[in-house]
Amino acid sequence: MVIMISYILIVLFASIFLSIITKKYIIPIIGIILVFILIAFMGFFQEIIITRFGGWSPPFGIVWIVDKFSLLMGLLISGTCSLSAIYSIKYIRERKGNFYPALCLLTLGMLGVVFTGDIFNMYVFFEIFSISSYILVSFPLKKETAEASVKFLIMGALSTSFILLGVAMLYGLAGTVNIADLALKFRQENVFYIALGILMSGFFLKAAIFPFHFWLPDAHSVAPSSISALLSSVVVGTGVYAIMRVLFTIFGLSSFSIILICFGLITMILGGLMAFVQSDVKRLIAYSTISQTGYIIIAIGLGSNGLSAGIFHLLNNVIMKSLLFLSIGIVIWHTGTRDMNKLGGLGRQMPIVMISFLIGSLSIAGIPLLNGFVSKWMIYVATWEVNPLLTVVCLIVSAITLAYYMKAFSSIFLGPCRIKIKEKTPLCMIVPVLILTALCVIIGIFPQIITPVIDQAASALLDKSTYIKSVLG
Amino acid sequence: MIEKWTIFISVFILFSFIGFLIYLLGSKRYKEEDSKSEMYKCGEFTLSDPEVHADNFYRIIKDNLKIKNLQKIHSGKLNEYLQWIICGVVIIILLLLVIL
(Lines give C-alpha, C1' and ligand atoms only; values in the text may rest on other atoms or scores of the structure.)
Protein backbone atom coordinates (compact mmCIF):
# COMPACT_ATOMS: atom_id res chain seq x y z
CA MET A 1 0.00 0.00 0.00
CA VAL A 2 2.89 2.34 0.81
CA ILE A 3 3.86 2.23 -2.85
CA MET A 4 0.56 3.94 -3.79
CA ILE A 5 1.76 7.31 -2.48
CA SER A 6 4.94 6.95 -4.57
CA TYR A 7 2.80 6.16 -7.64
CA ILE A 8 0.76 9.34 -7.08
CA LEU A 9 3.91 11.45 -6.89
CA ILE A 10 5.51 9.72 -9.91
CA VAL A 11 2.36 10.16 -12.03
CA LEU A 12 2.03 13.86 -11.17
CA PHE A 13 5.73 14.70 -11.66
CA ALA A 14 5.83 12.69 -14.91
CA SER A 15 2.69 14.51 -16.15
CA ILE A 16 4.24 17.91 -15.43
CA PHE A 17 7.56 17.16 -17.15
CA LEU A 18 6.10 15.27 -20.11
CA SER A 19 3.53 17.99 -20.81
CA ILE A 20 6.24 20.67 -20.71
CA ILE A 21 8.50 18.67 -23.04
CA THR A 22 5.90 17.29 -25.48
CA LYS A 23 3.41 20.26 -25.26
CA LYS A 24 0.60 17.69 -25.34
CA TYR A 25 -2.08 18.62 -22.83
CA ILE A 26 -3.74 15.21 -22.89
CA ILE A 27 -0.88 13.80 -20.72
CA PRO A 28 -1.65 15.88 -17.59
CA ILE A 29 -5.40 15.23 -18.01
CA ILE A 30 -4.78 11.47 -18.00
CA GLY A 31 -2.29 11.94 -15.14
CA ILE A 32 -4.80 13.74 -12.89
CA ILE A 33 -7.56 11.19 -13.65
CA LEU A 34 -5.08 8.37 -12.87
CA VAL A 35 -4.27 10.00 -9.53
CA PHE A 36 -8.00 10.13 -8.73
CA ILE A 37 -8.28 6.38 -9.49
CA LEU A 38 -5.21 5.60 -7.34
CA ILE A 39 -6.63 7.56 -4.38
CA ALA A 40 -10.05 5.92 -4.82
CA PHE A 41 -8.27 2.54 -4.76
CA MET A 42 -6.69 3.45 -1.39
CA GLY A 43 -10.23 3.80 0.00
CA PHE A 44 -10.62 0.01 -0.04
CA PHE A 45 -8.04 -0.34 2.74
CA GLN A 46 -9.15 0.12 6.31
CA GLU A 47 -5.86 0.92 8.05
CA ILE A 48 -3.99 4.24 8.11
CA ILE A 49 -1.38 4.29 5.32
CA ILE A 50 2.01 5.67 6.42
CA THR A 51 4.80 6.42 3.94
CA ARG A 52 8.28 7.20 5.33
CA PHE A 53 10.36 9.06 2.75
CA GLY A 54 14.00 8.02 2.41
CA GLY A 55 13.58 5.39 5.13
CA TRP A 56 13.89 8.01 7.88
CA SER A 57 11.63 7.33 10.86
CA PRO A 58 9.40 10.07 12.24
CA PRO A 59 9.70 12.53 13.93
CA PHE A 60 12.99 13.18 12.04
CA GLY A 61 11.97 12.04 8.58
CA ILE A 62 9.09 13.25 6.41
CA VAL A 63 5.99 11.08 6.55
CA TRP A 64 2.81 11.05 4.49
CA ILE A 65 -0.29 9.82 6.31
CA VAL A 66 -3.49 8.75 4.63
CA ASP A 67 -6.27 8.38 7.18
CA LYS A 68 -9.99 8.45 6.38
CA PHE A 69 -10.19 12.25 6.59
CA SER A 70 -7.19 12.97 4.38
CA LEU A 71 -8.36 10.25 1.99
CA LEU A 72 -11.75 11.97 1.63
CA MET A 73 -10.01 15.30 0.99
CA GLY A 74 -7.66 13.63 -1.50
CA LEU A 75 -10.61 12.19 -3.39
CA LEU A 76 -12.35 15.57 -3.48
CA ILE A 77 -9.20 17.34 -4.70
CA SER A 78 -8.27 14.83 -7.40
CA GLY A 79 -11.91 14.40 -8.49
CA THR A 80 -12.55 18.15 -8.85
CA CYS A 81 -9.20 18.70 -10.58
CA SER A 82 -10.03 15.87 -13.05
CA LEU A 83 -13.38 17.47 -13.94
CA SER A 84 -11.76 20.88 -14.23
CA ALA A 85 -9.02 19.46 -16.50
CA ILE A 86 -11.61 17.87 -18.82
CA TYR A 87 -13.70 21.09 -18.85
CA SER A 88 -10.64 23.20 -19.71
CA ILE A 89 -9.92 21.27 -22.95
CA LYS A 90 -12.23 23.64 -24.83
CA TYR A 91 -12.72 26.40 -22.25
CA ILE A 92 -9.06 27.46 -22.26
CA ARG A 93 -8.28 28.72 -25.73
CA GLU A 94 -4.66 29.85 -25.39
CA ARG A 95 -1.36 28.78 -23.77
CA LYS A 96 -2.64 25.30 -22.92
CA GLY A 97 0.97 24.13 -22.78
CA ASN A 98 1.45 26.34 -19.71
CA PHE A 99 -2.01 25.83 -18.25
CA TYR A 100 -1.99 22.07 -17.73
CA PRO A 101 1.42 21.73 -16.00
CA ALA A 102 0.29 24.50 -13.59
CA LEU A 103 -2.96 22.57 -12.98
CA CYS A 104 -0.93 19.41 -12.21
CA LEU A 105 1.24 21.41 -9.80
CA LEU A 106 -1.90 22.77 -8.11
CA THR A 107 -3.22 19.22 -7.67
CA LEU A 108 0.15 18.04 -6.31
CA GLY A 109 0.33 20.95 -3.85
CA MET A 110 -3.16 20.39 -2.47
CA LEU A 111 -2.66 16.61 -2.16
CA GLY A 112 0.62 17.29 -0.37
CA VAL A 113 -1.13 19.52 2.19
CA VAL A 114 -3.77 16.89 3.01
CA PHE A 115 -1.43 13.87 3.05
CA THR A 116 1.62 15.21 4.85
CA GLY A 117 2.26 14.46 8.51
CA ASP A 118 4.76 17.23 8.88
CA ILE A 119 3.75 20.87 9.46
CA PHE A 120 6.78 22.37 7.68
CA ASN A 121 6.07 20.12 4.72
CA MET A 122 2.49 21.40 4.86
CA TYR A 123 3.81 24.97 4.53
CA VAL A 124 5.95 23.94 1.52
CA PHE A 125 2.94 22.39 -0.22
CA PHE A 126 0.85 25.48 0.60
CA GLU A 127 3.50 27.51 -1.25
CA ILE A 128 3.49 25.07 -4.20
CA PHE A 129 -0.25 25.20 -4.77
CA SER A 130 -0.41 28.94 -4.07
CA ILE A 131 2.23 29.71 -6.71
CA SER A 132 0.45 27.52 -9.27
CA SER A 133 -2.88 29.20 -8.48
CA TYR A 134 -1.38 32.69 -9.06
CA ILE A 135 -0.35 31.46 -12.52
CA LEU A 136 -3.74 29.90 -13.24
CA VAL A 137 -5.68 33.03 -12.22
CA SER A 138 -3.85 34.98 -14.93
CA PHE A 139 -5.35 32.91 -17.81
CA PRO A 140 -5.99 34.56 -20.28
CA LEU A 141 -3.48 37.33 -19.60
CA LYS A 142 -5.45 40.60 -19.54
CA LYS A 143 -5.28 43.76 -17.43
CA GLU A 144 -7.90 42.54 -14.92
CA THR A 145 -6.48 39.00 -14.60
CA ALA A 146 -2.96 40.43 -14.13
CA GLU A 147 -4.21 42.75 -11.36
CA ALA A 148 -6.15 39.93 -9.67
CA SER A 149 -3.15 37.62 -9.92
CA VAL A 150 -0.77 40.16 -8.36
CA LYS A 151 -3.26 40.89 -5.55
CA PHE A 152 -3.72 37.17 -4.99
CA LEU A 153 0.09 36.76 -4.94
CA ILE A 154 0.55 39.44 -2.27
CA MET A 155 -2.26 38.06 -0.12
CA GLY A 156 -1.04 34.49 -0.64
CA ALA A 157 2.53 35.46 0.26
CA LEU A 158 1.24 37.11 3.42
CA SER A 159 -0.74 34.00 4.26
CA THR A 160 2.19 31.61 3.80
CA SER A 161 4.44 34.04 5.74
CA PHE A 162 2.07 33.74 8.70
CA ILE A 163 2.10 29.95 8.36
CA LEU A 164 5.92 29.88 8.20
CA LEU A 165 6.18 32.19 11.23
CA GLY A 166 3.78 29.96 13.19
CA VAL A 167 5.70 26.83 12.18
CA ALA A 168 9.02 28.45 13.15
CA MET A 169 7.62 29.40 16.58
CA LEU A 170 6.33 25.87 17.13
CA TYR A 171 9.69 24.41 16.12
CA GLY A 172 11.44 26.79 18.52
CA LEU A 173 9.10 25.78 21.34
CA ALA A 174 8.75 22.04 20.77
CA GLY A 175 11.87 21.19 18.72
CA THR A 176 9.87 19.24 16.15
CA VAL A 177 7.72 19.81 13.06
CA ASN A 178 6.09 16.40 12.97
CA ILE A 179 2.34 16.87 13.65
CA ALA A 180 2.02 13.76 15.86
CA ASP A 181 5.15 14.69 17.82
CA LEU A 182 3.92 18.29 18.19
CA ALA A 183 0.65 16.95 19.63
CA LEU A 184 2.68 15.14 22.33
CA LYS A 185 4.93 18.11 23.10
CA PHE A 186 2.20 20.77 23.17
CA ARG A 187 2.00 22.62 26.50
CA GLN A 188 -0.77 24.92 27.77
CA GLU A 189 1.45 28.02 27.65
CA ASN A 190 0.76 31.49 26.27
CA VAL A 191 3.64 31.28 23.77
CA PHE A 192 2.11 28.15 22.22
CA TYR A 193 -1.19 29.99 21.83
CA ILE A 194 0.49 32.98 20.18
CA ALA A 195 2.03 30.51 17.69
CA LEU A 196 -1.45 29.00 17.21
CA GLY A 197 -2.92 32.49 16.60
CA ILE A 198 -0.33 33.31 13.93
CA LEU A 199 -0.68 29.90 12.28
CA MET A 200 -4.48 30.20 12.25
CA SER A 201 -4.28 33.70 10.73
CA GLY A 202 -2.41 32.17 7.80
CA PHE A 203 -4.97 29.39 7.40
CA PHE A 204 -7.87 31.86 7.79
CA LEU A 205 -6.39 33.87 4.90
CA LYS A 206 -6.28 30.72 2.76
CA ALA A 207 -9.84 29.73 3.74
CA ALA A 208 -11.12 33.34 3.25
CA ILE A 209 -12.63 33.82 6.69
CA PHE A 210 -13.56 37.35 7.85
CA PRO A 211 -11.55 39.66 8.04
CA PHE A 212 -9.12 37.75 5.81
CA HIS A 213 -11.59 37.20 2.96
CA PHE A 214 -11.08 40.32 0.82
CA TRP A 215 -8.82 38.73 -1.80
CA LEU A 216 -11.28 35.97 -2.69
CA PRO A 217 -13.97 37.77 -4.78
CA ASP A 218 -11.32 39.80 -6.63
CA ALA A 219 -9.31 36.71 -7.62
CA HIS A 220 -12.12 34.20 -8.15
CA SER A 221 -14.29 36.45 -10.31
CA VAL A 222 -11.71 37.09 -13.04
CA ALA A 223 -10.01 33.67 -13.12
CA PRO A 224 -11.12 31.21 -15.83
CA SER A 225 -14.31 29.47 -14.64
CA SER A 226 -12.63 26.05 -14.49
CA ILE A 227 -10.05 27.57 -12.12
CA SER A 228 -12.64 29.57 -10.15
CA ALA A 229 -14.39 26.23 -9.58
CA LEU A 230 -11.20 24.82 -8.05
CA LEU A 231 -10.33 27.95 -6.07
CA SER A 232 -13.79 28.24 -4.53
CA SER A 233 -14.11 24.57 -3.72
CA VAL A 234 -10.92 22.61 -3.06
CA VAL A 235 -8.40 25.45 -2.62
CA VAL A 236 -10.53 27.08 0.11
CA GLY A 237 -11.33 23.54 1.35
CA THR A 238 -7.60 22.82 1.77
CA GLY A 239 -7.33 25.89 4.02
CA VAL A 240 -10.27 24.57 6.07
CA TYR A 241 -8.57 21.12 6.18
CA ALA A 242 -5.41 22.70 7.64
CA ILE A 243 -7.49 24.49 10.32
CA MET A 244 -9.15 21.21 11.29
CA ARG A 245 -5.95 19.12 11.24
CA VAL A 246 -3.91 21.58 13.32
CA LEU A 247 -6.71 22.30 15.81
CA PHE A 248 -7.95 18.78 16.38
CA THR A 249 -4.63 16.92 16.20
CA ILE A 250 -2.15 19.34 17.80
CA PHE A 251 -3.85 21.95 19.98
CA GLY A 252 -7.32 20.65 20.79
CA LEU A 253 -10.39 22.69 19.97
CA SER A 254 -11.51 23.94 23.40
CA SER A 255 -9.51 27.16 23.39
CA PHE A 256 -10.40 28.06 19.83
CA SER A 257 -14.06 26.99 19.70
CA ILE A 258 -15.65 30.36 20.51
CA ILE A 259 -13.30 32.19 18.11
CA LEU A 260 -14.31 29.84 15.29
CA ILE A 261 -18.03 30.28 16.00
CA CYS A 262 -17.77 34.12 16.16
CA PHE A 263 -15.61 34.44 13.03
CA GLY A 264 -17.73 31.84 11.21
CA LEU A 265 -20.93 33.69 12.05
CA ILE A 266 -19.63 37.05 10.79
CA THR A 267 -18.19 35.38 7.65
CA MET A 268 -21.50 33.65 6.92
CA ILE A 269 -23.60 36.84 7.28
CA LEU A 270 -21.14 39.16 5.51
CA GLY A 271 -20.69 36.78 2.56
CA GLY A 272 -24.45 36.45 2.21
CA LEU A 273 -25.11 40.20 2.31
CA MET A 274 -22.33 41.01 -0.14
CA ALA A 275 -23.54 38.33 -2.58
CA PHE A 276 -26.99 39.90 -2.35
CA VAL A 277 -25.89 43.14 -4.04
CA GLN A 278 -23.73 41.76 -6.86
CA SER A 279 -24.50 42.15 -10.53
CA ASP A 280 -21.35 40.22 -11.60
CA VAL A 281 -22.42 36.58 -11.42
CA LYS A 282 -18.94 35.24 -10.63
CA ARG A 283 -18.48 37.75 -7.80
CA LEU A 284 -21.87 36.63 -6.50
CA ILE A 285 -20.77 32.97 -6.41
CA ALA A 286 -17.41 34.00 -4.90
CA TYR A 287 -19.15 35.84 -2.03
CA SER A 288 -21.40 32.81 -1.65
CA THR A 289 -18.21 30.74 -1.12
CA ILE A 290 -17.30 33.05 1.78
CA SER A 291 -20.79 32.61 3.24
CA GLN A 292 -20.71 28.80 2.96
CA THR A 293 -17.21 28.68 4.50
CA GLY A 294 -18.80 30.52 7.43
CA TYR A 295 -21.27 27.63 7.86
CA ILE A 296 -18.41 25.10 7.81
CA ILE A 297 -16.36 27.08 10.35
CA ILE A 298 -19.36 27.38 12.72
CA ALA A 299 -19.91 23.61 12.49
CA ILE A 300 -16.22 22.92 13.22
CA GLY A 301 -16.38 25.33 16.16
CA LEU A 302 -19.12 23.18 17.70
CA GLY A 303 -16.56 20.38 18.14
CA SER A 304 -17.58 16.73 18.05
CA ASN A 305 -21.29 17.75 17.78
CA GLY A 306 -20.85 19.57 14.51
CA LEU A 307 -17.71 18.05 13.02
CA SER A 308 -19.56 15.55 10.78
CA ALA A 309 -21.86 18.35 9.64
CA GLY A 310 -18.85 20.57 8.89
CA ILE A 311 -17.05 17.88 6.89
CA PHE A 312 -20.27 17.01 5.03
CA HIS A 313 -20.88 20.67 4.16
CA LEU A 314 -17.26 20.97 3.03
CA LEU A 315 -17.83 18.04 0.65
CA ASN A 316 -21.14 19.48 -0.56
CA ASN A 317 -19.63 22.93 -0.98
CA VAL A 318 -16.95 21.42 -3.24
CA ILE A 319 -19.64 19.78 -5.41
CA MET A 320 -22.05 22.74 -5.47
CA LYS A 321 -19.43 25.45 -6.07
CA SER A 322 -17.78 23.47 -8.85
CA LEU A 323 -21.19 22.95 -10.43
CA LEU A 324 -22.16 26.63 -10.20
CA PHE A 325 -18.85 27.94 -11.54
CA LEU A 326 -18.65 25.38 -14.35
CA SER A 327 -22.25 25.96 -15.47
CA ILE A 328 -21.82 29.74 -15.38
CA GLY A 329 -18.52 29.22 -17.24
CA ILE A 330 -20.50 27.84 -20.18
CA VAL A 331 -22.66 30.99 -20.17
CA ILE A 332 -19.55 33.20 -20.10
CA TRP A 333 -17.87 31.09 -22.82
CA HIS A 334 -20.84 31.73 -25.12
CA THR A 335 -21.70 35.33 -24.23
CA GLY A 336 -18.36 36.77 -23.13
CA THR A 337 -19.88 38.64 -20.18
CA ARG A 338 -20.31 38.11 -16.43
CA ASP A 339 -22.62 41.10 -16.03
CA MET A 340 -26.13 39.90 -15.18
CA ASN A 341 -27.56 43.20 -16.48
CA LYS A 342 -26.42 42.21 -19.97
CA LEU A 343 -27.59 38.60 -19.76
CA GLY A 344 -31.15 37.29 -19.91
CA GLY A 345 -33.43 34.70 -21.47
CA LEU A 346 -30.68 32.13 -21.99
CA GLY A 347 -32.78 29.29 -20.55
CA ARG A 348 -34.41 28.47 -23.87
CA GLN A 349 -31.05 28.36 -25.65
CA MET A 350 -29.18 26.32 -23.03
CA PRO A 351 -31.73 24.27 -21.04
CA ILE A 352 -29.18 21.78 -19.60
CA VAL A 353 -27.05 24.59 -18.18
CA MET A 354 -30.19 26.28 -16.81
CA ILE A 355 -31.35 23.12 -15.00
CA SER A 356 -27.85 22.44 -13.65
CA PHE A 357 -27.50 26.01 -12.36
CA LEU A 358 -30.98 25.81 -10.80
CA ILE A 359 -30.14 22.51 -9.04
CA GLY A 360 -26.85 23.97 -7.79
CA SER A 361 -28.61 27.12 -6.56
CA LEU A 362 -31.42 25.27 -4.79
CA SER A 363 -28.93 22.84 -3.30
CA ILE A 364 -26.70 25.56 -1.87
CA ALA A 365 -29.75 27.28 -0.39
CA GLY A 366 -30.57 24.04 1.45
CA ILE A 367 -33.74 22.99 -0.34
CA PRO A 368 -34.86 19.41 0.56
CA LEU A 369 -33.98 16.44 -1.68
CA LEU A 370 -30.69 18.05 -2.68
CA ASN A 371 -27.29 17.49 -1.07
CA GLY A 372 -27.01 20.97 0.48
CA PHE A 373 -30.12 20.34 2.55
CA VAL A 374 -28.65 17.28 4.27
CA SER A 375 -25.47 18.99 5.49
CA LYS A 376 -27.30 22.21 6.36
CA TRP A 377 -29.88 20.20 8.29
CA MET A 378 -27.03 18.57 10.26
CA ILE A 379 -25.62 22.05 10.96
CA TYR A 380 -29.07 23.28 12.12
CA VAL A 381 -29.39 20.33 14.51
CA ALA A 382 -25.85 20.81 15.88
CA THR A 383 -26.32 24.58 16.39
CA TRP A 384 -29.78 24.05 17.96
CA GLU A 385 -28.16 21.98 20.72
CA VAL A 386 -25.72 24.80 21.51
CA ASN A 387 -27.87 27.90 20.97
CA PRO A 388 -31.18 28.03 19.02
CA LEU A 389 -30.46 31.65 18.08
CA LEU A 390 -27.49 30.42 16.06
CA THR A 391 -29.85 28.11 14.14
CA VAL A 392 -32.21 31.01 13.38
CA VAL A 393 -29.31 33.09 11.99
CA CYS A 394 -28.19 30.10 9.86
CA LEU A 395 -31.76 29.77 8.53
CA ILE A 396 -32.00 33.49 7.73
CA VAL A 397 -28.69 33.33 5.80
CA SER A 398 -30.05 30.29 3.93
CA ALA A 399 -33.10 32.37 2.93
CA ILE A 400 -30.73 35.16 1.79
CA THR A 401 -28.76 32.55 -0.20
CA LEU A 402 -31.95 31.41 -1.92
CA ALA A 403 -32.86 35.04 -2.67
CA TYR A 404 -29.57 35.97 -4.36
CA TYR A 405 -29.31 32.75 -6.34
CA MET A 406 -32.87 33.22 -7.58
CA LYS A 407 -31.90 36.74 -8.64
CA ALA A 408 -28.97 35.27 -10.61
CA PHE A 409 -31.11 32.52 -12.10
CA SER A 410 -33.88 34.94 -13.06
CA SER A 411 -31.49 37.53 -14.55
CA ILE A 412 -29.49 35.02 -16.61
CA PHE A 413 -31.97 32.41 -17.76
CA LEU A 414 -35.45 33.96 -17.61
CA GLY A 415 -37.01 37.02 -19.22
CA PRO A 416 -36.55 38.37 -22.73
CA CYS A 417 -33.58 37.03 -24.72
CA ARG A 418 -30.74 39.58 -24.98
CA ILE A 419 -27.93 37.52 -26.54
CA LYS A 420 -28.19 34.99 -29.35
CA ILE A 421 -25.99 31.88 -28.88
CA LYS A 422 -24.26 30.85 -32.11
CA GLU A 423 -21.94 27.97 -31.13
CA LYS A 424 -22.85 24.55 -29.77
CA THR A 425 -21.58 23.80 -26.24
CA PRO A 426 -18.71 21.26 -26.42
CA LEU A 427 -19.36 17.87 -24.81
CA CYS A 428 -16.24 18.10 -22.64
CA MET A 429 -17.79 21.15 -20.93
CA ILE A 430 -21.26 19.63 -20.52
CA VAL A 431 -20.15 16.25 -19.07
CA PRO A 432 -18.46 17.61 -15.86
CA VAL A 433 -21.54 19.79 -15.24
CA LEU A 434 -23.86 16.79 -15.63
CA ILE A 435 -21.70 14.63 -13.30
CA LEU A 436 -21.81 17.31 -10.60
CA THR A 437 -25.57 17.84 -11.05
CA ALA A 438 -26.14 14.09 -10.69
CA LEU A 439 -24.01 14.08 -7.50
CA CYS A 440 -26.14 16.90 -6.00
CA VAL A 441 -29.34 14.94 -6.62
CA ILE A 442 -28.00 11.46 -5.67
CA ILE A 443 -26.44 12.62 -2.37
CA GLY A 444 -29.61 14.64 -1.65
CA ILE A 445 -31.95 11.68 -2.15
CA PHE A 446 -29.67 8.95 -0.75
CA PRO A 447 -27.48 10.67 1.88
CA GLN A 448 -26.93 7.28 3.54
CA ILE A 449 -24.44 6.46 0.75
CA ILE A 450 -22.07 9.17 1.91
CA THR A 451 -22.79 9.60 5.67
CA PRO A 452 -20.72 6.53 6.78
CA VAL A 453 -17.71 7.98 4.90
CA ILE A 454 -18.25 11.36 6.60
CA ASP A 455 -18.58 9.75 10.04
CA GLN A 456 -15.37 7.75 9.48
CA ALA A 457 -13.56 10.96 8.45
CA ALA A 458 -14.83 12.79 11.55
CA SER A 459 -13.85 9.87 13.82
CA ALA A 460 -10.37 9.75 12.26
CA LEU A 461 -9.93 13.47 12.98
CA LEU A 462 -11.16 13.17 16.57
CA ASP A 463 -9.12 10.04 17.34
CA LYS A 464 -5.87 11.80 18.14
CA SER A 465 -4.27 8.88 19.97
CA THR A 466 -4.60 6.46 17.02
CA TYR A 467 -3.03 9.08 14.72
CA ILE A 468 -0.08 9.61 17.07
CA LYS A 469 0.37 5.87 17.63
CA SER A 470 0.27 5.14 13.89
CA VAL A 471 2.92 7.76 13.12
CA LEU A 472 5.31 7.41 16.06
CA GLY A 473 4.66 3.73 16.84
CA MET B 1 -36.44 14.94 16.87
CA ILE B 2 -39.83 15.09 15.11
CA GLU B 3 -40.60 18.36 16.91
CA LYS B 4 -37.34 19.89 15.69
CA TRP B 5 -38.13 18.83 12.13
CA THR B 6 -41.50 20.55 12.37
CA ILE B 7 -39.98 23.73 13.79
CA PHE B 8 -37.21 23.90 11.21
CA ILE B 9 -39.47 23.16 8.27
CA SER B 10 -42.06 25.71 9.52
CA VAL B 11 -39.39 28.37 9.99
CA PHE B 12 -37.92 27.56 6.58
CA ILE B 13 -41.33 27.82 4.89
CA LEU B 14 -41.98 31.08 6.74
CA PHE B 15 -38.66 32.58 5.61
CA SER B 16 -39.19 31.34 2.06
CA PHE B 17 -42.59 33.04 2.08
CA ILE B 18 -41.08 36.27 3.44
CA GLY B 19 -38.34 35.98 0.80
CA PHE B 20 -40.95 35.57 -1.94
CA LEU B 21 -42.84 38.64 -0.68
CA ILE B 22 -39.58 40.63 -0.71
CA TYR B 23 -38.93 39.41 -4.24
CA LEU B 24 -42.37 40.56 -5.39
CA LEU B 25 -42.04 43.94 -3.69
CA GLY B 26 -38.45 44.46 -4.82
CA SER B 27 -38.89 43.66 -8.46
CA LYS B 28 -42.23 45.38 -9.05
CA ARG B 29 -41.14 48.83 -8.08
CA TYR B 30 -38.16 49.19 -10.33
CA LYS B 31 -39.43 47.90 -13.61
CA GLU B 32 -38.04 49.68 -16.60
CA GLU B 33 -40.22 50.32 -19.57
CA ASP B 34 -38.62 49.67 -22.92
CA SER B 35 -41.49 50.84 -25.08
CA LYS B 36 -44.07 53.52 -24.62
CA SER B 37 -47.62 52.32 -24.16
CA GLU B 38 -50.13 53.38 -26.71
CA MET B 39 -52.43 55.94 -25.16
CA TYR B 40 -56.12 56.10 -25.93
CA LYS B 41 -58.67 58.44 -24.52
CA CYS B 42 -60.56 55.68 -22.78
CA GLY B 43 -60.22 51.93 -22.07
CA GLU B 44 -57.56 49.67 -20.52
CA PHE B 45 -53.92 49.66 -21.54
CA THR B 46 -51.05 47.23 -20.83
CA LEU B 47 -47.25 47.57 -20.87
CA SER B 48 -45.32 45.36 -23.25
CA ASP B 49 -42.58 43.01 -21.80
CA PRO B 50 -41.06 45.14 -19.05
CA GLU B 51 -37.40 44.23 -18.31
CA VAL B 52 -36.01 43.85 -14.80
CA HIS B 53 -32.25 44.48 -14.47
CA ALA B 54 -30.14 42.55 -11.97
CA ASP B 55 -29.15 45.80 -10.25
CA ASN B 56 -32.79 46.54 -9.42
CA PHE B 57 -33.44 43.24 -7.67
CA TYR B 58 -34.10 43.70 -3.93
CA ARG B 59 -33.23 47.39 -4.25
CA ILE B 60 -35.48 48.31 -1.33
CA ILE B 61 -33.53 45.97 0.98
CA LYS B 62 -30.19 47.14 -0.38
CA ASP B 63 -31.07 50.77 0.33
CA ASN B 64 -32.56 50.08 3.75
CA LEU B 65 -29.83 47.79 5.06
CA LYS B 66 -27.11 50.22 3.89
CA ILE B 67 -25.16 47.38 2.26
CA LYS B 68 -23.32 50.13 0.33
CA ASN B 69 -21.19 50.64 3.46
CA LEU B 70 -20.17 46.98 3.30
CA GLN B 71 -19.37 47.35 -0.39
CA LYS B 72 -17.12 50.32 0.37
CA ILE B 73 -14.78 48.20 2.51
CA HIS B 74 -14.34 45.78 -0.41
CA SER B 75 -12.78 48.55 -2.50
CA GLY B 76 -10.09 46.44 -4.18
CA LYS B 77 -7.35 48.53 -2.54
CA LEU B 78 -4.62 46.31 -1.10
CA ASN B 79 -3.64 48.82 1.62
CA GLU B 80 -7.12 48.63 3.12
CA TYR B 81 -7.21 44.84 2.88
CA LEU B 82 -3.86 44.63 4.70
CA GLN B 83 -5.17 46.88 7.50
CA TRP B 84 -8.10 44.50 7.99
CA ILE B 85 -5.77 41.50 8.03
CA ILE B 86 -3.53 43.05 10.68
CA CYS B 87 -6.64 43.86 12.76
CA GLY B 88 -7.74 40.23 12.36
CA VAL B 89 -4.39 38.80 13.52
CA VAL B 90 -4.31 41.11 16.56
CA ILE B 91 -7.93 40.23 17.48
CA ILE B 92 -7.28 36.46 17.20
CA ILE B 93 -4.14 36.61 19.37
CA LEU B 94 -5.78 38.90 21.94
CA LEU B 95 -8.89 36.71 22.10
CA LEU B 96 -6.74 33.60 22.58
CA LEU B 97 -4.79 35.23 25.41
CA VAL B 98 -7.96 36.64 27.06
CA ILE B 99 -9.93 33.38 26.81
CA LEU B 100 -7.04 31.46 28.32
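Biologist: How many helices and strands are there in chain A?

Modeller: The model is a predicted one. Chain A fills a box of roughly 65 × 60 × 40 Å along the principal axes of its C-alpha atoms. Its secondary structure amounts to 19 helices and 2 strands.

Biologist: What radius of gyration does chain A have, and why does the value agree with a compact globule?

Modeller: A compact globule of 473 residues would have a radius of gyration near 23 Å. The value for chain A agrees with that expectation. The radius of gyration of chain A is 21 Å.

Biologist: What percentage of the contacts in chain A between residues at least 6 apart in sequence join residues at least 24 apart?

Modeller: Of the 473 residues of chain A, 61% count as buried. Among the contacts between residues at least 6 apart in sequence, the share joining residues at least 24 apart is 78%.

Biologist: Which residue in S2(A) stands opposite A:Thr51?

Modeller: Strand S1 (residues 49-52) of chain A runs antiparallel to S2(A), and 4 bridges join them. In a regular strand, side chains alternate between the two faces of the sheet. In strand S2 (residues 63-66) of chain A, A:Val63 and A:Ile65 point one way, A:Trp64 and A:Val66 point the other way, and all are buried. The residue opposite A:Thr51 is A:Trp64.

Biologist: How many of the 27 residues of H10(A) are buried?

Modeller: The helix is followed by A:Gly252, whose phi is positive, near 85°. H10(A) itself is largely enclosed by the rest of the structure, because the number of its residues that are buried is 27 of the 27.

Biologist: In which loop is A:Pro140 found?

Modeller: Most peptide bonds are trans. The bond from A:Pro58 to A:Pro59 is cis, with omega near 10°, and A:Pro59 is found in the loop between S1 and S2 of chain A. The bond from A:Phe139 to A:Pro140 is also cis, with omega near -15°. A:Pro140 is found in the loop between helix H5 (119-137) and helix H6 (143-174) of chain A.

Biologist: Is A:Lys23 buried or exposed?

Modeller: Most residues other than glycine have a negative phi. A:Lys23 has a positive phi of about 60° although it is not a glycine, and is found in the loop between helix H1 (2-22) and helix H2 (26-42) of chain A. With 12 other C-beta atoms within 10 Å, A:Lys23 is exposed.

Biologist: Which residues does A:Leu75 touch, not counting residues up to four places away in sequence?

Modeller: A:Leu75 is found in helix H3 (residues 68-91) of chain A. This residue counts as partly exposed, because it has 18 C-beta neighbours inside 10 Å. Its contacts, not counting residues up to four places away in sequence, are A:Ile39 and A:Ala40.

Biologist: Which helix supplies the largest share of the side of chain B that touches chain A?

Modeller: Chain B has 4 helices and 0 strands, and 37 of its residues are in contact with 42 residues of chain A. Helix H1 (2-29), helix H3 (67-73) and helix H4 (78-99) of chain B each supply at least two residues of that side. The largest share, 13 residues, comes from H4(B).

How values were computed. Residues numbered from 1 in each chain as written. Chains lettered and ligands numbered in written order. Predicted model: local features only at pLDDT ≥ 70, side-chain atom pairs only at ≥ 80, totals over all residues. Contact = placed C-beta atoms within 7 Å. Buried ≥ 20, exposed ≤ 12 C-beta atoms within 10 Å, placed from the backbone. Pairing = 2+ DSSP bridges. Rg over C-alpha atoms; globule rule 2.2 N^0.38 Å.
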